Amino acid sequence: MRFCGIDVSARPDNQQLCTLHERRGSAGVELVATFYAPGRVEDVARTIQGFGRGEAVIGIDAPSGRRLGLLGEGSPARAALGLPDGRYERMRVCDAVLYRRGLPLYPVPAAEEPAPDWMQVGFELFAALAPLGLYIPDGAAGTLMSAVGSGAIRSGRVFETYPDAIFCALLGHRPPPKRTPWGGQQRIAALKLKGVVDDDGGLWHRTLDEIDACAAAYAAYALAVGLGTWVGDPAEGVMVIPTARLLERYTKLPAPARSALA
């Protein structure tokens, strides 16, 4: 089984694929990372389909669909989430659930609104991988968040995820920006603690896009083994985060001490 993660780019030829597969190691099961050269949507889709039918689970770092306006005034979803009046109306349900926990996301446009280039590429990826089945949780009627449970991939193998939320969930707090040394170190440490190994020099040799793709691949592993949580309204699209339970709030750690200048 290949657990696949795709980091989406606005550049058509820069879609980043990472896969994980299980290997028995001296300390237990390892998740061995394979990183692919960046390519186009059709290149990535062809590679994944080449793994064989039923042999891949795929997490994509992009919205699976457009906003449907399910958080309009007086909507059942607003009542279920207890949203304050006048806020979150231009968000998808899954985005609002995460945003309230301190996990900001990019706004997703409605059908009649233009989408950013990278988001449009994401829609194309979901369409290209549609034969593998979009993940829609079983028995989700009236529910906006739940554990994925065992056998989740029977409900579809392609799903939306979000690396920033993945790392927050794995760490229990919001790490520094990924372009800072400490932010990068925390993200790599989170993956290594989950058993992810890179035999070709280690994760420190990888780009930021490759690390995000690897996080999405770990979310695919979590969905496959029943260790994740999904959020959102299945009619609009759900997001899978690799944790058994989302915290009520993810906050930043205190900044390091700095002495005042004389």
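Modeller: A crossing is right-handed if the near helix is turned clockwise from the far one by less than a right angle. In this predicted model, α1 passes α4 in such a right-handed crossing.

Biologist: Why are α1 and α4 called roughly parallel to each other?

Modeller: Helix α1 (residues 41-49) and helix α4 (residues 117-128) pack at an angle of about 30 degrees. Angles under 35 degrees count as roughly parallel, and the pair is therefore described as roughly parallel. Their axes are 10 Å apart.

Biologist: Which residues of α1 and α4 make the contact, and how do the residues divide into nonpolar, polar and charged?

Modeller: V41, V44, A45 and Q49 of α1 meet V121, E124, L125 and A128 of α4. Of these residues, six are nonpolar, one is polar and one is charged. Glu counts as charged, so E124 of α4 is the charged member of the contact.

Biologist: What makes a set of residues a nonpolar core, and which members touch the most others in the largest one?

Modeller: The members must be buried nonpolar residues joined through side-chain atoms within 4.5 Å. The largest such core has 33 residues, and L20, Y135, F159, L191, V196 and L223 touch the most other members. Elements giving two or more residues to this core include β2 (16-25), β3 (28-35) and α7 (208-225). The largest share, 10 residues, comes from α7.

Biologist: Which residues is L223 in contact with, leaving aside its neighbours within four places in sequence?

Modeller: L223 is in contact with V57, Y135, V148, A152, I153, G156, F159 and V240. Another core, of 22 residues, lies apart from the largest one and has V93, A96, L98 and L144 among its members.

Notes
Residues numbered from 1 in each chain as written. Predicted model: local features only at pLDDT ≥ 70, side-chain atom pairs only at ≥ 80, totals over all residues. Heavy atoms only, no water. Buried < 20%, exposed > 50% of the residue type's maximum accessible area, 1.4 Å probe, protein only. Helix = DSSP H or I, 4+ residues; strand = E, 2+ residues; numbered from the N terminus. Contact = heavy atoms within 4.5 Å. Axes fitted to C-alpha atoms, helices over the stretch in contact; angles between N-to-C directions. Parallel < 35°, antiparallel > 145°, perpendicular 65-115°, else oblique.
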